[in-house]
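Here are my notes on the model you sent over.

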Amino acid sequence: MNKLAAVAAAVTLALVATAAATAPSQAFYPKYVYSGGLAGLVLGATIAAAAANDRSYAYDYYDESWADHVDACYSTYKTYSAADDRYTAALDGAGNPIRVFCRL
């Protein structure tokens, strides 16, 4: 539901920004037209990116399916942590761990 709301807000904002940027009253001020369109694009992309990073599951922490998910991740990945639902996939060039979401 959060993704749907974020996408709807992004589309609405993009339409309003486009309409405002192409209004006849702004025709003689091109810098405002471009900045309005750019601001709408950036804000829409930010909202869409936030919707894409939604990590909510269809179950809560006390649900049996969450427990099954945690058990599967623990048994598959030795470095799994249920606190952040990630495991260490590899080390980067500097020796820092690369943590990845468990999608089991």
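1. Arg99 counts as partly exposed, at 27% relative accessibility. This is a predicted model, so read every value here as computed from its coordinates. The side chain of Arg99 meets that of Asp84 in a salt bridge, with 3.4 Å from N to O. That pair ties together distant parts of the chain: Arg99 sits in strand E2, Asp84 in the loop between H3 and strand E1 (86-91), and 15 residues separate them. Asp84 is also partly exposed, at 34% relative accessibility. Side chains of opposite charge can pair when their charged atoms come close. The count for the model is 1 salt bridge.

2. Is it buried or exposed? Asp85 counts as buried because its relative accessibility is 5%, and the cut-off for buried is under 20%. What does its side chain meet? There is a polar contact of 2.9 Å between the side chains of Asp85 and His69.

3. With 27% relative accessibility, Arg86 counts as partly exposed. If you set aside neighbours within four places in sequence, the contacts of Arg86 are Thr79, Tyr80, Ser81, Arg99, Val100, Phe101 and Cys102. Take Phe101 from that list: the C-alpha atoms of Arg86 and Phe101 are 4.3 Å apart in space, while the two residues are 15 apart in sequence. Arg99, the salt-bridge partner of Asp84, is in the contact list of Arg86 too.

4. Now the disulfide. How many does a search of the whole structure find? The search gives 1. Cys73 and Cys102 form it, with their sulfur atoms 1.9 Å apart. The link has -90° about the S-S bond and is left-handed. It joins distant parts of the chain, since Cys73 lies in helix H3 (residues 64-76) and Cys102 in the segment after strand E2 (97-101), 29 residues apart. Cys73 is buried, at a relative accessible area of 0%, and Cys102 is buried as well, at 0%. For the record, a disulfide is a covalent bond between the sulfur atoms of two cysteines.

5. Leu15 is exposed, with a relative accessible area of 60%. Together with Val7 and Val11, Leu15 makes a nonpolar surface patch of about 280 Å².

6. Some whole-chain numbers to go with the details. The chain has 3 helices and 2 strands, and from the N terminus the elements run α-α-α-β-β. Of the 104 residues, 14% are buried; Cys73, Cys102 and Asp85 are among the buried residues. The accessible surface comes to about 7600 Å², and carbon and sulfur atoms account for 65% of that. As for contacts between residues at least 6 apart in sequence, 30% join residues at least 24 apart.

Note on methods: Residues are numbered from 1 along each chain as its sequence is written. This is a predicted model: local features need pLDDT of at least 70, side-chain atom pairs count only at pLDDT 80 or more; totals for chains, interfaces and linings use all residues. Side-chain values use heavy atoms; hydrogens and water are left out. A disulfide is a pair of cysteine sulfur atoms within 2.5 Å. Helices (H or I, at least four residues) and strands (E, at least two) are DSSP runs, numbered from the N terminus. Buried means under 20% relative accessible area, exposed over 50%, partly exposed in between (1.4 Å probe, protein chains only). Patches are made of residues with over 30% relative accessible area and no salt bridge: like charges are joined within 9 Å, nonpolar side chains (Val, Leu, Ile, Met, Phe, Trp, Tyr) within 5 Å. Accessible areas come from the Shrake-Rupley method with a 1.4 Å probe; for residues, only the protein chains shown count as cover. A salt bridge is a side-chain nitrogen of Lys or Arg within 4 Å of a carboxyl oxygen of Asp or Glu. A polar contact is a pair of N or O atoms within 3.5 Å; within protein, one must be able to donate a hydrogen and the other to accept it, and residues adjacent in sequence count only if both atoms are side-chain atoms. Contact means heavy atoms within 4.5 Å.
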